[in-house]
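Me: I have a structure open beside its sequence and would like to walk through it with you. Could we take it one question at a time?

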Amino acid sequence: MYAQGGYGQAPQQQQQYNAGYQQQQQQQYAPQQQQQQYGVQQQMTEQPQQAQQTQQQEVVTQAAAPTDQGKAQPIYVDTQHDDMVHDAQLDYYGTKLATSSSDRTVKIYDVSGNSYAPNATLTGHSGPIYQLSWSHPKYGTLLASASFDGSVLIHRESRQGEWILVKAFVGLHESSVNSVQFAPHEYGLVCAAGSSDGRVSVLTHGGESNGDDEWTVEYLNDTPLGVNAVSWAPYGVGKEGEDEQCEPLPPRLVTGGSDNGIRMWTKNASTGIWEQSVVESGDAHHKDWVRDVAWAPSIIPGMNVIASCSEDKTVIIWKQGGDGTADDDKKWSPKVLNTFEDPVWRVSWSITGNILAVSSGDANVTLWKEELDGVWSLVNQVEDSAEGAQGE
């Protein structure tokens with residue numbers, strides 16, 4: 001059904017790309033999935049979004065009209081991309097929206113209340129752009145993009161509406177780069193990217209304050225079948241050493257792959273080497289490609305929560321720690337949140353970490369919340385955004 005190794009085949013030359021790629025994309029991204037991948041980020045941030053590429057003035061979306069109950073309604077955005085949209089991300093402050101597409105461009109919009117204005121269109125990739133990630137504003141307005149062409153590009157806004165390419169990791173991977181995400185800012189300017197070649201690259205900036213403006217690249221051999229998603233653990237502290245003093249936890253990653261599994265990676269604080277942790281899934285495990293993983297913001301000290309979604313139509317919640325026992329602090333306990341009617345493509349946590357948005361192939365975005373008894377319940381649903389936009 002799918003080509004081995006994630007979203008794409010091995011890298012193709014530009015002149016060969018147009019002929020074979022469209023068929024591949026039709027198999028992997030149904031039209032409604034395009035809308036839903038976009039919809040997850042809109043619902044979680046609850047920021048109204050609208051853009052008109054051909055107009056420079058701000059426009060107000062019709063979908064922002066108040067309802068009888070006074071509740072905010074979904075905002076349907078016509079991005080003006082020439083092909084399907086794969087990702088949409090709001091920056092730290094929710095004032096800039098970036099979208100990526102198979103048309104090989106990134107479009108950026110300025111967001112203010114219910115109004116939107118085009119900011120810029122970024123180019124440079126020679127293949128579809130699958131995912132985007134904003135850095136923490138501590139490092140400026142930086143945007144990383146991951147592409148089918150095997151590269152990761154990092155752009156920075158130097159002045160309003162003016163963007164420069166600060167680093168191009170061309171040929172970073174031997175196959176499609178399917179996922180990219182900046183680490184928590186406490187670890188420095190660090191970015192991770194997962195690829196269909198089975199590796200995860202960790203990109204680390206030396207730091208301009210130290211006079212080192214260079215980037216270093218580390219590779220983690222994850223799964224030979226391909227990595228589809230990466231997600232960083234939130235920054236935190238824990239008890240370390242014999243005296244159990246609270247120390248900052250080392251950087252941690254979770255990945256989802258085409259081998260139907262997820263993997264945990266931790267950077268050893270003493271050696272600086274990334275080490276893989278064994279995850280025993282038990283009865284609850286994915287039976288098809290894992291499409292996305294998301295490490296939840298920390299709510300309960302000592303507890304880690306991860307959401308994963310798959311082609312097998314399920315979302316699984318993985319929990320570790322929180323009970324205070326040594327065994328429970330290390331063991332991951334999986335639980336199926338729900339089985340959907342279609343493959344699930346994206347999961348995204350709210351900033352408070354208590355609500356999970358799920359984007360599935362049935363053209364719906366659903367919001368889930370865990371009750372006090374541990375049962376996950378559906379709290380809201382956004383139906384087919386394409387039909388909603390046409391009905392306006």
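Me: Happy to start with a loop residue. Between which strands is the loop that holds Arg104?
Reply: Good place to begin, and please keep in mind that this is a predicted model. Arg104 belongs to a loop, and the strands on either side of that loop are strand 3 (96-101) and strand 4 (106-112).

Me: Is Arg104 buried or exposed?
Reply: The cut-off for buried is under 20% relative accessible area. Arg104 has 18% relative accessibility, so Arg104 counts as buried.

Me: What is the phi of Arg104?
Reply: Most residues other than glycine have a negative phi. Arg104 is a residue other than glycine, yet its phi is positive, near 70°.

Me: Which loop holds Gln80, and what is its phi?
Reply: Gln80 is in the loop between strand 1 (59-60) and strand 2 (85-90). With a relative accessible area of 25%, Gln80 is partly exposed. Gln80 is not a glycine, and its phi is positive, at about 70°.

Me: Let's go on to Tyr116. How far is its C-alpha atom from that of Val77?
Reply: Tyr116 is found in strand 5 (residues 115-122). Its relative accessible area is 0%, so Tyr116 is buried. Tyr116 and Val77 are 39 residues apart along the chain, and their C-alpha atoms are separated by 9.8 Å.

Me: Now the aromatic rings. How are the planes of Tyr92 and Tyr93 arranged?
Reply: A search of the whole structure finds 8 aromatic pairs. One of them joins Tyr92 and Tyr93, with 5.0 Å centre to centre and 90° between the planes. Planes over 60 degrees apart count as edge-to-face, so the arrangement of Tyr92 and Tyr93 is edge-to-face.

Me: Are Tyr92 and Tyr93 buried or exposed?
Reply: The cut-off for exposed is over 50% relative accessible area. Tyr92 has 54% relative accessibility and so counts as exposed. Tyr93, at 58%, also counts as exposed.

Me: Which ring does Arg199 lie over?
Reply: There are charges over rings to look at here, including the charged end of Lys167, which sits over the ring of Phe169 at 5.5 Å from its centre. Arg199 is 4.1 Å from a ring centre and lies over the face of Tyr219.

Me: Which residue is the bridge partner of Val180 in strand 11?
Reply: Strand 10 pairs with strand 11 (residues 190-195) in the antiparallel sense, over 5 bridges. The bridge partner of Val180 in strand 11 is Ala193.

Me: How many residues of strand 14 are buried?
Reply: Strand 14 (residues 227-232) is largely enclosed by the rest of the structure, because its buried residues number 6 of the 6. Strand 14 also pairs with strand 17 (residues 252-257) in the antiparallel sense, over 5 bridges. Opposite Ala229 stands a residue of strand 17, Gly256.

Methods. Residues numbered from 1 in each chain as written. Predicted model: local features only at pLDDT ≥ 70, side-chain atom pairs only at ≥ 80, totals over all residues. Heavy atoms only, no water. Pairing = 2+ DSSP bridges. Helix = DSSP H or I, 4+ residues; strand = E, 2+ residues; numbered from the N terminus. Buried < 20%, exposed > 50% of the residue type's maximum accessible area, 1.4 Å probe, protein only. Phe/Tyr/Trp six-rings, centres within 6.5 Å; stacked < 30°, edge-to-face > 60°. Lys NZ or Arg CZ within 6 Å of the ring centre and 35° of its normal.
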